[in-house]
Amino acid sequence: MGSIGRGTANCATVPQPPPSTGKLITILSIDGGGIRGLIPATIIAYLEAKLQELDGPDARIADYFDVIAGTSTGALLASMLAAPDENNRPLFAAKDLTTFYLENGPKIFPQKKAGLLTPLRNLLGLVRGPKYDGVFLHDKIKSLTHDVRVADTVTNVIVPAFDVKSLQPIIFSTYEAKTDTLKNAHLSDICISTSAAPTYFPAHFFKTEATDGRPPREYHLVDGGVAANNPTMVAMSMLTKEVHRRNPNFNAGSPTEYTNYLIISVGTGSAKQAEKYTAEQCAKWGLIQWLYNGGFTPIIDIFSHASSDMVDIHASILFQALHCEKKYLRIQVRVRYIY
């Protein structure tokens, strides 16, 4: 159970051991990508099914990963995988993730009937405010995660968001939430925040309270994809931080001992507009065209894909340089870069 290399018998009854008792520190990282979260949900459900063939029907993804990191739609998946039930076991099986997207996707991203005035209506809507009001998504997230906070998860989660007031990325993690109540937000709040993609969903505001007399902390957050659409390096950085601060759950040693990591990074596939744009077209665009083109928001799509791919490039080259490239696996539905 727990980190790969510790043995996985009796997953339903043995508590999650710390990484220091295993051979590897295991990380599952899930990209942002809106409704395309169905892709990693399907992959993770397949992985859990295979693990159940080995360790029994009660095995869950959270039993095998020390950290599950997620951005935007990936954070929702991470939260569902790590939210506890009354027995402190994962509340959802991985197969529930695909059901969630298939049943709720059309309600989260409602599509209006197309017509001759659709492009103009979409453009006016973009100027007036977010494309979606987020009410259904917010209610659904709250109903799924209830009052669970980051510190309550059955395995560690790491979720990036971006604070528009301080213009700084904010990283929520189980590690910090256990030592700082001001970072111990509700899972629902961080999922709503990291999913608040500019132009698509409204920004999210919430406060956390301290138990040591410090004043409350305010958060003014938007989509974590603004900072890290692919949260792999965020997870690695947070784990390095925990090793550096001598967290007893980690073996002593160099905080950059990445040869002890095993990382599975799951993307959300290529967007429909891949290979749609050309330099000749973009050269003629002004502000409006960069924000809206044929139903898409090119500038946001470009930033999110660039962010994800740069993280993949960095992580892949890093593990190759350390001669442990088999410790890093990137799953993305497209042709990989050749380095």
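Biologist: How many bridges join E2 to E3?

Modeller: This is a predicted model, where local features need pLDDT of at least 70 and side-chain atom pairs count only at pLDDT 80 or more, while totals for chains, interfaces and linings use all residues. Residues are numbered from 1 along each chain as its sequence is written, and side-chain values use heavy atoms, leaving out hydrogens and water. Helices (H or I, at least four residues) and strands (E, at least two) are DSSP runs numbered from the N terminus, and two strands pair if DSSP finds at least two bridges between them. E2 and E3 run parallel, and the number of bridges joining them is three.

Biologist: Which residue in E3 is the bridge partner of Ala 69?

Modeller: Ala 69 sits in E2, pointing one way along with Val 67, while Ile 68 and Gly 70 point the other way. All four are buried, meaning under 20% relative accessible area with a 1.4 Å probe, counting protein chains only. Ala 69 is also the E2 bridge partner of Ser 29. Over in E3, its partner is Ile 158.

Biologist: Which helix does the chain pass through from E1 to E2, and what is the handedness of that crossover?

Modeller: E1 (residues 25–30) and E2 run parallel, joined by four bridges. Between them the chain goes through helix H1 (residues 38–55). A crossover gets called right-handed if, with the strands pointing away from you, the path from the first strand over the helix to the second runs clockwise. So for this β-α-β unit, the answer is H1 and right-handed.

Biologist: How many residues of helix H7 are buried?

Modeller: H7 spans residues 187–194 and is mostly covered.

Biologist: What share of the chain is buried?

Modeller: The chain has twelve helices and eight strands. There are 339 residues in it, and the buried share is 50%.
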